[in-house]
Amino acid sequence: MTDIRPLAAGNWKMNGSIASLAELAAIANAVKAGEAGRAEALICPPATLIAAAVQAAGGMPVGGQDCHAAASGAHTGDISAEMLKDAGATYVIVGHSERRADHGESDAVVRAKAEAALRAGLTAIVCVGETRAQREVGQTLAVVGAQLAGSLPYGATASTLVVAYEPVWAIGTGLTPTLADVAEVHGFIRRELIDLLPGEGDKVRILYGGSVKPSNAAELMGVENVNGALVGGASLTAKDFLAIAGVYK
Ligand SMILES: O=C[C@H](O)COP(=O)(O)O
């Protein structure tokens with residue numbers, strides 16, 4: 001079995017201000033002191049905070065939450081992967097279900113964004129996951145499989161790609177799949193990655209996301225092929241995020 005370094009990633013979504021960087025600095029200091037053990041820790045704040053977050057993080061990685069597929073141009077309000085890189089980010093989340101739903105992002109759009117990330121030298125965190133309705137009719141693996149086939153960037157390696165499995169119905173709801181369901185989907189994603197990315201797919205990190213809390217992190221992170229977490233609400237406070245990342249101590 002390949003030894004994969006876990007990733008504890010925090011997605012602040014549309015939350016946070018300059019004052020919140022104190023939480024980020026507290027996370028970075030604790031990670032430096034060994035609180036995340038062998039895991040890598042990452043915070044993805046809103047774009048307005050990235051440059052300041054990079055300063056506050058003192059070497060801990062910082063990521064964006066989205067990028068445009070183009071490097072520059074007439075795209076009012078958008079931010080390119082190159083701009084994120086210029087601000088000091090090293091990761092970017094693409095295809096989060098909130099972007100897929102709120103902005104109508106298709107798999108093709110997500111793939112173009114992921115490829116932009118690689119072009120700019122960022123690691124892409126590509127999100128996939130089924131809705132409640134899709135799970136109820138037994139379509140989970142078909143949906144996730146189609147999203148992987150349609151969204152993953154060409155030429156990705158284990159160091160330029162992370163996949164996050166986030167069941168849409170588990171995000172921000174306090175609900176989580178059973179551990180057996182998580183194992184089934186993550187095992188499926190691993191097999192798909194091995195197939196789609198020969199020689200790399202066995203080493204790509206697969207994160208679980210959706211209501212990860214200090215109370216359930218250890219059991220979720222203990223599931224086979226779960227190589228870390230994509231944490232929303234619980235990443236907004238250093239205490240909760242560190243309790244989650246701390247499962248790798
Ligand atoms: O990107 C993070 C996820 O959408 C999970 O959010 P949550 O931890 O608030 O459920």
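**View 1. Histidine 96 sits in a loop between β4 and α4.** In this predicted model, the loop lies between strand β4 (91–94) and helix α4 (97–102). Helices (H or I, at least four residues) and strands (E, at least two) are DSSP runs, numbered from the N terminus. Histidine 96 is buried, because 28 other C-beta atoms lie within 10 Å. Buried means 20 or more other C-beta atoms within 10 Å of the residue's own, with C-beta atoms placed from the backbone. Residues are numbered from 1 along each chain as its sequence is written. Local features need pLDDT of at least 70, side-chain atom pairs count only at pLDDT 80 or more, and totals for chains, interfaces and linings use all residues.

**View 2. The annotated pair, His96 and Glu166.** UniProt, in an unreviewed entry, places the feature "active site" at these residues. They are spread over 71 residues of sequence, yet cluster in space, with a largest C-alpha distance of 8.4 Å. Such annotations may be inferred rather than shown by experiment.

**View 3. Glutamate 166 and its contacts.** Glutamate 166 is in the loop between β6 (161–165) and α8 (179–196). Glutamate 166 counts as buried because it has 24 C-beta neighbours inside 10 Å. Beyond four places in sequence, its contacts (C-beta atoms, placed from the backbone, within 7 Å) include Ser97, Cys127 and Leu230.

**View 4. An open sheet of 8 strands.** The order is β2-β1-β8-β7-β6-β5-β4-β3, with parallel pairing. Strands pair if DSSP finds at least two bridges between them. The edge strands, β2 (40–44) and β3 (63–64), each pair on one side only. Strand β6 joins parallel β7 (residues 205–209) through 4 bridges. Valine 162 stands opposite arginine 205 in β7.

Note on methods. A residue is buried if 20 or more other C-beta atoms lie within 10 Å of its own, exposed if 12 or fewer, and partly exposed in between; C-beta atoms are placed from the backbone. Two residues are in contact if their C-beta atoms, placed from the backbone, lie within 7 Å.
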